[in-house]
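Work through the exercises below with the sequence and the model open. Each task is followed by a solution in steps.

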Amino acid sequence: KMALQLLLHVAFLRLSATAGPSVQGRDFRTPAVAWPSYFDLNWPQEVQETIQIPNNGSAPLLVDVRVFVSNVFNVDILRYTVSSMLLLRLSWLDTRLAWNASVRPRRAITLPWDSLWTPGLTIQEALWVDWQDQSPRARVDPDGHVDLYLTLTTETNCDFELLHFPRDQSDCNLSFYALGNTALELEFRAHAVNEIVSVKREYVVRDLKTQVPPQQLVPCFQVTLRLQNTALKAIIALLVPGEALLLADMCGLLPLQATERIAYKVTLLLGYLVFHSSLVQALPSSSSCNPLLIYYFTVLLLLLFASTMETVLLAALLARGDLRAKSGPSPTPRAEQHGHGDSEPNPEEPRVKGSRRSQAEAADHVFFLVYVVGVVCSQFFFIGLWMWATCKSDPAPGKAVPHGGQPRL
């Protein structure tokens, strides 16, 4: 056994004399205390030590994080998701990687991420994460400062506040956790930088901030994106058609006895029903704080339905009165009783017919005035509700009862 170790030692000496010392194929010289050397047969243990978290005494290791947000896209309010592209710069001090710059004049070295300790990050709200570089490299300074750049694209869940859709504004959180360490070992200090240069999008980033949630068992930091809807698409697609149909209904002043009036009203109602069905599919729904537009367009649907039913009922009553007048008793027998002279026309029949028609027209006129007042009042009521209404969403199950409550046996 001693002879085998001696032969291996001689072989390592010859290899070092021809190629020089290296660390995992990287051509730079390092002290034996920090990096494995071919002159030491115990180098696997030293590699294992460099992969452990650096010891910062009694205080946790401080990792400075800079989050560069380069793009936010594919904001899907129906699925409550948002996709974003981020660049993370992680910096910390690992004195085990330091070297004497006067002896080995190197400004910095680069190492593969799996050859040293790096914080493993997990996004709590992520549905999927695509790390652009599967083998990132860390930059190490002579004093042991480490810089690691990570680029990722992720789709995360976001609890949109859609009460004032399409002028909604929501805060979307991305919570990064280092599940491999405890809060006593590791601490984050996070900063955010907005690097989005394009404004041609439906949702724009109005604010960007970071925070470190207190009293966490696992080290974490949180990035908050404040997204605001530009509302141009929704106004053109939703508000304009609904208001146009309502205005067309109020301006359709056709006479009550005109047969085209019922067809006109029914056509407007059917068109609005088609519009309302597409609106329901375009707007999301939740257990609390649904968009006000859902209730607004439902009220418009009820108004159009009431206007159509009023036209149908009054036209039916007027037609029934005309039918009864035509099918009533003929005045001929009465004229024969008075003799063969010229029979005088009965003035009661046109009077009754005229009175019924005038009553129907008067009721139609009154309904039209009430209808116009109701439409105007509903518009002002909705504007006031839009400006001052607030809604507090129901708490999430995890926040209402922390950790799902007590376990049940």
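Helices (H or I, at least four residues) and strands (E, at least two) are DSSP runs, numbered from the N terminus. Two strands pair if DSSP finds at least two bridges between them. The model is predicted, so local features need pLDDT of at least 70 and side-chain atom pairs count only at pLDDT 80 or more, while totals for chains, interfaces and linings use all residues. Residues are numbered from 1 along each chain as its sequence is written, and side-chain values use heavy atoms, with hydrogens and water left out.

**Exercise 1.** Find which residue takes a positive phi in the hairpin of S6 and S7, and describe the pairing of S7.

Step 1. Strand S6 (residues 137–140) pairs with S7 in the antiparallel sense through three bridges. Val140 lies opposite Val146 in S7.
Step 2. Four residues lie between the two strands of this hairpin, and Gly144 has the positive phi, near 100°.
Step 3. S7 (residues 145–157) also pairs with strand S2 (residues 81–93), antiparallel, over 13 bridges; Leu86 has Leu152 as its bridge partner in S7.
Step 4. Strand S5 (residues 126–131) pairs antiparallel with S7 over five bridges, with Asp130 opposite Thr153.

**Exercise 2.** Give the strand order of the open sheet of four strands and name its edges.

Step 1. The order is S4-S8-S11-S10, with antiparallel pairing.
Step 2. Strand S4 (122–123) and strand S10 (203–211) are the edges, as each pairs on one side only.
Step 3. Between S8 (residues 169–177) and S11 (residues 220–229) there are nine bridges. Cys172 faces Leu225 in S11.

**Exercise 3.** Describe how H3 and H4 pack.

Step 1. H3 (residues 232–251) and H4 (residues 259–282) pack at about 165°, their axes 10 Å apart. Axes are lines fitted to C-alpha atoms, for helices over the stretch in contact, and angles run from 0 to 180 degrees between N-to-C directions.
Step 2. H3 is therefore roughly antiparallel to H4 (under 35 degrees counts as roughly parallel, over 145 as roughly antiparallel, 65 to 115 as roughly perpendicular, the rest as oblique).
Step 3. Residues of H3 including Leu238 and Leu245 meet residues of H4, among them Leu268 and Phe275. Contact means heavy atoms within 4.5 Å.

**Exercise 4.** Decide where pLDDT stays under 50.

Step 1. pLDDT is the predictor's confidence in each residue, from 0 to 100. The chain averages 79, and 77% of the residues score at least 70.
Step 2. pLDDT stays under 50 over residues 1–43 and over residues 334–341.
Step 3. Where pLDDT is low, the predicted coordinates should not be read in detail.
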